[in-house]
Amino acid sequence: MKMTFYGQFVAGEDQESIRPLIQHNRAFGVGSILDYGVEEDLSSEEAELKEMESCTSAAERDGSGTSKREKQYQAHRAFGDRRDGVISARTYFYANEAKCDSHMEIFLRCIEASGGASNDGFSAIKLTALGRPQFLLQFSDVLTKWRQFFHQMAAEQGQAGLAAKDTKLEVAALQESVTKMGIASRAEIEDWFTTETLGVSGTVDLLDWSSLIDSRTKLSKHLVVPNAQTGQLEPLLSRFTEEEELQMRRMLQRMDILAKKAMEVGVRLMVDAEQTYFQPAISRLTLEMQRKFNVEKPLIFNTYQCYLKDAYDNVTLDVELARREGWCFGAKLVRGAYMAQERARAAEIGYEDPINPTYEATNTMYHRCLNYVLEELKHNAKAEVMVASHNEDTVRFALSRMEDLGLHPADRQVYFGQLLGMCDQISFPLGQAGFPVYKYVPYGPVMEVLPYLSRRAQENSGIMKGAQKERQLLWQELQRRLRTGSLFHRPA
C-alpha cells in the first residue's frame, strides 16, 4: 500500500513521518496545506441514519414542532449519504459532541504541525466536523430567505436583474412596503433604518440589509424569516431544546479555538466549502471569523465554489464588505466537488439546480471571479487569494493577469494550490519559478485513510489523462516568461 497509491496521495502516517516529504517539497518552493485524512468507514445505511438524526431538531422528531424550512434545506434520506457522487472531498457525519471535540483536537494538531513545518503554512478545516449539521441547514435557510426577501423588494422597486452588489433599495419605499406587510410597526421600522446604521444615502444595499438582519436574527434564539404571504416574521422552528442551544454555542466556540490557535502559531486557516444546503451558513460563520481575526493580514480564508451560479455575487459582496469594514479579504477559489450530487438532489427534490449549466460556463465563472479578486489585489496589498486549480488554462490565465496587473510573485498575494500526488507538472515549475504554490497534504494511518484513498484514485485516473500535454504547454510558457524576464518584471 505504501509503495502504491497510498504513497502517491498520502504524505505519511503521522506528523513525524510526513516531515521528509514536506521538506523535500519546500526545497522546490512548494508549501503544504496539512489535512488529517482519516475518514469514518460507514455503510450507506449507517451514514443515512446519522444524517437524518443530526439534521432534524428534537421538536421535528417528536412532532411538537413542524419545520418551515424550504425543502432544499431539509434532510432527505435518499441523499443522506453525502459521500455519494463525491470523489474529491472528505465527509464528516455527526455522532455526538465528544466526536466534534475529537475532530477539533485533530484540527488543532494539524495547525500545530503546519506551524512547525514552515512559517507560511495553511491548514484546512470543515465546519460539518465541528457541530451538528441541523444548525447549518437552519441558518442557511434563514440567510437565503432574507436575501430572497431583499430581491423581492428590489423587484417591486423596478430593480430586478441587477447584480447583487449594485442593487440599492430606496429606504422610504422599503419602509412603506414593510409597513403594508405588517412585519413590524411604523415606529419599529423607522428604528431599523436610521442614519446611525445606514448613513444619509437614503438607500439600502444588500450589505446594509444583512447588517440590519443580524440584529433581528440572533443565531440561537431568533431564527426568524419574513413570510410574504402572512406579512409576519415567523420562527423557523417552534422551539429549541436546552441541549440544542448548547450544541450551537459549542460549534461557534470550536471555530474560535481553532482560529486563535492558527493566529498563535502563524498558520492561515482555510474553511472548506461544502454542499449548497450548508454553504450559506458556512460562509457567514467564516465571515464572522474574518471580521474578528483578519485585522492585520488574512488569517482566515473562505472558499468560493465557482461552479455555482451565484459565485460572482458571493465574491463581489464579500470583497465589498471587507473594504467597507476594513478587514483583510482572504479567498480560495475552487471549481467545486459536489456537482453530480447537487444536480441529482435538485432534480429529485424539486428546486433550481444551483450549478452552472456547462463546464465552459464554470470556467468562465472561475475566471470572472479570479479577475475581480486580482483587480482588488492590485489596489489592496493586504488581500490574498489562492488559485486552487488543476486546470492548465486557469493557471495560465492567472499568470497572464498577474503580469498585466503588476502583481509580483514575491509580493505573496497570489497562491496556487493542487492536491498531493496530482498535477506535479503544474506545482513544481511554478514553485521553482518563484510563485507561492502549495500542495494539499493528507496524512494518517494506512488502514484509516482507505475511504479517502479509494475516491482519490478514481479522481486521479480522469484528471491525469491530459498530464503530458499540460506538462509540455505549461513548461513552454514558464520557459518563455523566464527568458523574457516577465515573471519577475515589476513595472516602473
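**Exercise 1.** State which residues of helix 11 meet which residues of helix 12, and how the contact divides by class.

*Solution.* Leu-252, Met-255, Asp-256, Ala-259, Lys-260 and Met-263 in helix 11 touch Leu-285, Thr-286, Met-289, Lys-292 and Phe-293 in helix 12. Contact here means heavy atoms within 4.5 Å. By class, these residues are seven nonpolar, one polar and three charged. Ala, Val, Leu, Ile, Met, Phe, Trp, Tyr, Cys and Pro count as nonpolar, Asp, Glu, Lys and Arg as charged, and the others, Gly among them, as polar.

The structure is a predicted model, in which local features need pLDDT of at least 70 and side-chain atom pairs count only at pLDDT 80 or more, while totals for chains, interfaces and linings use all residues. Residues are numbered from 1 along each chain as its sequence is written, and side-chain values use heavy atoms, with hydrogens and water left out.

**Exercise 2.** Describe how helix 11 and helix 12 are placed against each other.

*Solution.* Step one: the axes of helix 11 (residues 242-265) and helix 12 come within 11 Å and cross at roughly 40 degrees. Axes are lines fitted to C-alpha atoms, for helices over the stretch in contact, and angles run from 0 to 180 degrees between N-to-C directions. Helices (H or I, at least four residues) and strands (E, at least two) are DSSP runs, numbered from the N terminus.

Step two: helix 11 and helix 12 are therefore oblique to each other. Angles under 35 degrees count as roughly parallel, over 145 as roughly antiparallel, 65 to 115 as roughly perpendicular and the rest as oblique.

Step three: helix 11 passes helix 12 in a right-handed crossing. A crossing is right-handed if the near helix is turned clockwise from the far one by less than a right angle, and left-handed if anticlockwise.

**Exercise 3.** Find how helix 6 crosses helix 12, and which residues make the contact.

*Solution.* The two axes come within 7 Å and cross at roughly 85 degrees. Helix 6 is therefore roughly perpendicular to helix 12. From helix 6, Leu-136, Phe-139, Ser-140, Leu-143 and Thr-144 take part, and from helix 12, Gln-279, Pro-280, Ala-281, Ile-282, Arg-284 and Leu-285. The contact of helix 6 with helix 12 divides into seven nonpolar, three polar and one charged.

**Exercise 4.** Explain how far apart Asp-141 and Lys-145 lie along helix 6.

*Solution.* Asp-141 forms a salt bridge with Lys-145, with the closest N and O atoms 3.3 Å apart. A salt bridge is a side-chain nitrogen of Lys or Arg within 4 Å of a carboxyl oxygen of Asp or Glu. Because they are four residues apart in helix 6 (residues 133-156), about one helical turn separates Asp-141 and Lys-145. By this rule the count comes to 33 salt bridges.

**Exercise 5.** Describe the sheet and the place of helix 12 on it.

*Solution.* Eight strands, in the order 1-2-7-8-9-10-11-12, form a closed barrel with parallel pairing. Neighbouring strands of this sheet are turned by 30 degrees against each other on average, direction ignored. Helix 12 (residues 279-293) packs on the sheet, where it touches strand 7 (268-271), strand 8 (300-305) and strand 9 (330-334). The direction of helix 12 makes about 155 degrees with that of strand 8. Strand 1 (residues 30-36) pairs with strand 12 (residues 437-443) in the parallel sense over seven bridges; two strands pair if DSSP finds at least two bridges between them.
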